[in-house]
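Reader: Hi! Could you walk me through this one before I set anything up?
Author: Happy to; here it is.

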Amino acid sequence: MLKFAGKVAAITGATSGIGKETATLFSKLGCRIAITGRNADNLKDTKQKCIASGLKENDIVTVVGDVTDEKFCKHFIDDTVKHFGQLNVLVSIIYTPTSVNSAGILRRGTAETTDLELYEFLFKTNVRSVCVYNMTKAAVDQLTRSAALELAADGIRVNAVNPGVTVTHLHKNGGMNEEEYAKFLEHSKTTHALGRAGRVDEIANSIAFLASDEASFITGVSLPVDGGRHQLCPR
């Protein structure tokens, strides 16, 4: 069994779905956690689930906020380190649908020195497309590889988990009604080699493995946890 005793993880997107399940799992594994999300009530519910999983009140930091705000991100990490005196794992779970258009531009910078303003400028200029969701996912894969190389000398590992369709409230929150969602899940049986959509615990288990000492020689990996979807369907 994976063990996280003595470690601290900061988890974004912890108010629902994969993020909530990941926070709960890390709690069961003995990891102290800092969790964030935009919905205060949902974040409070996640905290209660983590306490029910074995953590004490003081083992959990909750901060309501929006991770697209650079100042908030710094505040969240600073609060985590101030409370626990350390930070061992960062789990970033974010879904922000958007759409944009294209050019090409280059600026010098690294994962550590590029601020959000420059990132936004480059991303809006270089990654504009009507297929922006798929393109941003590809961008995250490349970011994973680049950050892994840049941070390896500091002993920091960077990996990504690429889920397939996973049963959460994501699609309903995006506008699907019950009938549409049922049809979507039924169709997902044909786009995943294993013939079904995934569960949040399956994704959370993969995240926990990559964050654990058992994966100490793994970095720069984008791990498909998608029931074989990446073998069948480019989208």
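Author: Let me begin at the start of helix α7, where a side-chain oxygen of Asn 177 comes to within 3.1 Å of the backbone nitrogen of Glu 179. Helices here are DSSP runs of H or I of at least four residues, strands are runs of E of at least two, and both are numbered from the N terminus. This is a predicted model, where local features need pLDDT of at least 70 and side-chain atom pairs count only at pLDDT 80 or more, while totals for chains, interfaces and linings use all residues. Residues are numbered from 1 along each chain as its sequence is written, and side-chain values use heavy atoms, with hydrogens and water left out.

Reader: Thanks! Which residues of α7 are buried?
Author: Tyr 181, Ser 188 and Thr 191. Buried means under 20% relative accessible area, exposed over 50%, and partly exposed in between, with a 1.4 Å probe and protein chains only. Seen down the axis of α7, the buried residues fall within an arc of 65 degrees, so they line one face of the helix. That arc is taken from the directions from the helix axis to the C-beta atoms.

Reader: And what covers the buried residues of α7?
Author: The cover includes α6 (170–173) and α9 (229–232), with contact meaning heavy atoms within 4.5 Å. On the face turned away from the buried side, α7 carries the exposed residues Glu 179, Lys 183 and Thr 190.

Reader: Switching to α1, how many of its residues are buried?
Author: Nine of the 12, so α1 is largely enclosed by the rest of the structure. Among them are Ile 18, Lys 20, Leu 25 and Phe 26. Elements covering the buried residues of α1 include β1 (8–11), β2 (32–37) and α2 (40–52).

Reader: What follows α1?
Author: Gly 30, whose phi is positive, near 90 degrees.

Terms used. Polar contact = N/O pair within 3.5 Å; in protein donor to acceptor, adjacent residues only side chain to side chain.
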